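Hello,

Here is the structure I promised to pass on to you. Please open it beside this email, and then read on for what I found.

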Amino acid sequence: MKTDRMPRLALPPTVITQDSEPLHQHRRLAILRRVLNDDSLPLRARVAAAPIFLDAQPVSRIVRLTVNDVTDDETTVTVRLGDPPSPLPEPVADLMRADIQSRQHLPYASSRSAQRLFPGRQPGQPMNPVSLQVHLRKIGVPPQRGRASAIRQFVHQAPAPVIAKALGYHDMTATRLVTEAGGTWSRYASGDHRR
């Protein structure tokens, strides 16, 4: 188009539909309750929504989770999101167990794709995060708003370095979120306080 070798094209403007405004706490918990109790929703979507609404995890991190990131010792199910691994509450733990057991009977259970909790179309690759976001929105789960609401709740309850370490966030990101949310932990000194 710049060299006049092709006609000028008028492309429609790109519309980014991000639902980043946080949900109110009651609305977030109502959506989480529906996801955990509604058996008509797909199991994978229910498993994906739980870390978003409970642990404030981005969809891009959720799709990279593997079966090896989940530990089940018959009493507690943990997921490696940060350090230490996060325990899952009982309804979510049951969903995770059901999802992992359902994949053991698939014909490709020994392949690398089976190791992904959310396998993509390409062998060994995770699902595209945008595809998962679209799928979650179709069933009434707003991923960005749920994550923003969960992280705002966390930063009001604990210091940013503690949140960052537990959820796998960078310290600066957690500190910025505390400041944005108006948290009172913004002057908490991180590090070893035993000296």
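**What I found**

Read along the sequence, the elements of the protein follow the pattern α-α-α-β-β-β-α-α-α-α-α. In total there are eight helices and three strands; helices (H or I, at least four residues) and strands (E, at least two) are DSSP runs, numbered from the N terminus.

Two notes before the details. This is a predicted model, in which local features need pLDDT of at least 70 and side-chain atom pairs count only at pLDDT 80 or more, while totals for chains, interfaces and linings use all residues. Residues are numbered from 1 along each chain as its sequence is written, and side-chain values use heavy atoms, with hydrogens and water left out.

**The whole protein**

Of the 195 residues, 39% are buried. Here buried means under 20% relative accessible area, exposed means over 50%, and partly exposed is in between (1.4 Å probe, protein chains only). The accessible surface comes to about 12300 Å², and 53% of that belongs to carbon and sulfur atoms; these areas come from the Shrake-Rupley method with a 1.4 Å probe, and for residues only the protein chains shown count as cover. Among contacts (heavy atoms within 4.5 Å) with a separation of 6 or more, 59% are between residues 24 or more positions apart.

**Helix H1**

How far apart are the end C-alpha atoms of H1? They are 18 Å apart, which agrees with the 18 Å that its 13 residues (25-37) should span at 1.5 Å a residue; the expected span is 1.5 Å times one less than the number of residues. The buried residues of H1 are Arg28, Ile31, Leu32, Val35 and Leu36. Seen down the helix axis, these buried residues fall within an arc of 135°, so they line one face of H1; the arc is that of the directions from the helix axis to the C-beta atoms. An α-helix has 3.6 residues a turn, so residues three or four places apart point the same way. The buried residues of H1 pack against helices H2 (43-55), H4 (90-103) and H6 (143-157). On the face turned away from the buried side you will find the exposed residues His26 and Asn37.

**Around helix H2**

Proline 42 sits in the loop between H1 and H2 and counts as partly exposed, at 36% relative accessibility. Valine 47 lies in H2 and is buried, with a relative accessible area of 4%. Leaving aside neighbours within four places in sequence, valine 47 is in contact with Leu95, Met96, Asp99 and Phe118.

The three strands form an open sheet in the order E1-E2-E3, with antiparallel pairing. E1 and E3 (86-87) stand at the edges with a single partner strand each, so one side of each is left without a neighbour in the sheet. E2 (residues 77-79) and E3 pair over two bridges; strands pair if DSSP finds at least two bridges between them. Threonine 78 stands opposite proline 87 in E3.

Where does aspartate 69 lie? Look in the loop between helix H3 (59-62) and strand E1 (70-72). Aspartate 69 counts as buried, at 14% relative accessibility. A polar atom of its side chain lies 3.0 Å from the backbone nitrogen of threonine 66. Leaving aside neighbours within four places in sequence, aspartate 69 is in contact with Arg64, Thr78, Val79 and Arg80.

Enjoy exploring!

Terms used. Polar contact = N/O pair within 3.5 Å; in protein donor to acceptor, adjacent residues only side chain to side chain.
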